[in-house]
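Please work through each task with the structure open before turning to its solution.

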Amino acid sequence: MLINNETIIKDTDPLIREKSDPVSLPLSAEDEQLLREMFQYVQDSTDEEKAKKFNLRPAVGISAIQVGVRKQLTAVIVDDYDKNGNPVKYQYMLANPKIVSSSVQKAYLNAGEGCLSVVAPHEGHVIRSARVTVKGFDLIQNKNITIRARGYLAIVLQHELDHFKGTLFYDYIDPENPEKTVDGAMVI
């Protein structure tokens, strides 16, 4: 499947609001191929030369519904820092990931969120949990895993898993007070 800026479903298409279905494990050859192609998109999208050549918008994640497939599949590549300030790259090709716990503490990206499926700007804070625990099957490790994510990675995972419910990031922005802050929140 060709995945680029033209083939990604935009928020003007009602399909983006549909719920995604769990996939069977072990993954079918078709689901595995789709997950690998989604991962390749995210990987290539941050390479300036490839992004220009193949018409890719930069991304840290993509979910299957964004390419018109109603399945609980997502690919994520996040460059971040661990709790000691050391650079770390998180890479996942997830099937059926679920958030099993989340922190009371909130977090948001000070500059707001973006999405491959959203072209128009939607400014404002998207308030999410600062920490989440996600369980699912990871094709990279070829096993069921538990991810304990905090900060930026936690936000990315919540954003991508929201796609399974047909929820977009701007659904969380307070129209009355888009720049609303939360006491004690982790501001990223």
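At 37% relative accessibility, aspartate 171 counts as partly exposed, because that class lies between buried, under 20% relative accessible area, and exposed, over 50% (1.4 Å probe, protein chains only). The model is a predicted one, in which local features need pLDDT of at least 70 and side-chain atom pairs count only at pLDDT 80 or more, while totals for chains, interfaces and linings use all residues. Residues are numbered from 1 along each chain as its sequence is written, and side-chain values use heavy atoms, with hydrogens and water left out.

**Exercise 1. Find the salt-bridge partner of aspartate 171 and state which parts of the chain the pair links.**

Step 1: apply the criterion, a side-chain nitrogen of Lys or Arg within 4 Å of a carboxyl oxygen of Asp or Glu; the count by this rule is twelve salt bridges. Step 2: the side chain of aspartate 171 meets that of arginine 17 at 2.6 Å, N to O. Step 3: arginine 17 sits in the segment before helix 1, and aspartate 171 in the loop between helix 3 (151-162) and strand 8 (186-187), so that the partners are 154 residues apart; helices (H or I, at least four residues) and strands (E, at least two) are DSSP runs, numbered from the N terminus. Step 4: arginine 17 is partly exposed as well, with a relative accessible area of 35%.

**Exercise 2. Decide whether glutamate 113 and arginine 128 are buried or exposed, and describe their salt bridge.**

Step 1: the side chains of glutamate 113 and arginine 128 meet at 2.8 Å, N to O. Step 2: the pair ties together parts 15 residues apart in sequence, because glutamate 113 lies in the loop between strand 4 (106-108) and strand 5 (128-129), whereas arginine 128 lies in strand 5. Step 3: both glutamate 113 and arginine 128 are buried. Step 4: these two residues belong to a network of salt bridges that links Glu113, Arg128, Asp162 and Lys165.

**Exercise 3. Name the residues with the most contacts inside the largest nonpolar core, and the element that gives the most to it.**

Step 1: a nonpolar core is a set of buried Ala, Val, Leu, Ile, Met, Phe, Trp, Tyr and Cys residues joined through side-chain atoms within 4.5 Å. Step 2: the largest has 25 residues, and those with the most contacts inside it are Leu27, Met38, Tyr41, Ile62 and Leu73. Step 3: helix 1, strand 2 and strand 3 give two or more residues to this core, with helix 1 giving the most, six residues. Step 4: a second, separate core of 15 residues includes Leu94, Ile147, Leu157 and Phe164.

**Exercise 4. Locate tyrosine 92 and classify its burial.**

Step 1: tyrosine 92 is placed in strand 3 (residues 87-102). Step 2: its relative accessible area is 10%, so tyrosine 92 is buried. Step 3: leaving out residues up to four places away in sequence, tyrosine 92 touches several residues, among them Phe39, Val76, Ile140 and Leu153.

Technical notes:
Contact = heavy atoms within 4.5 Å.
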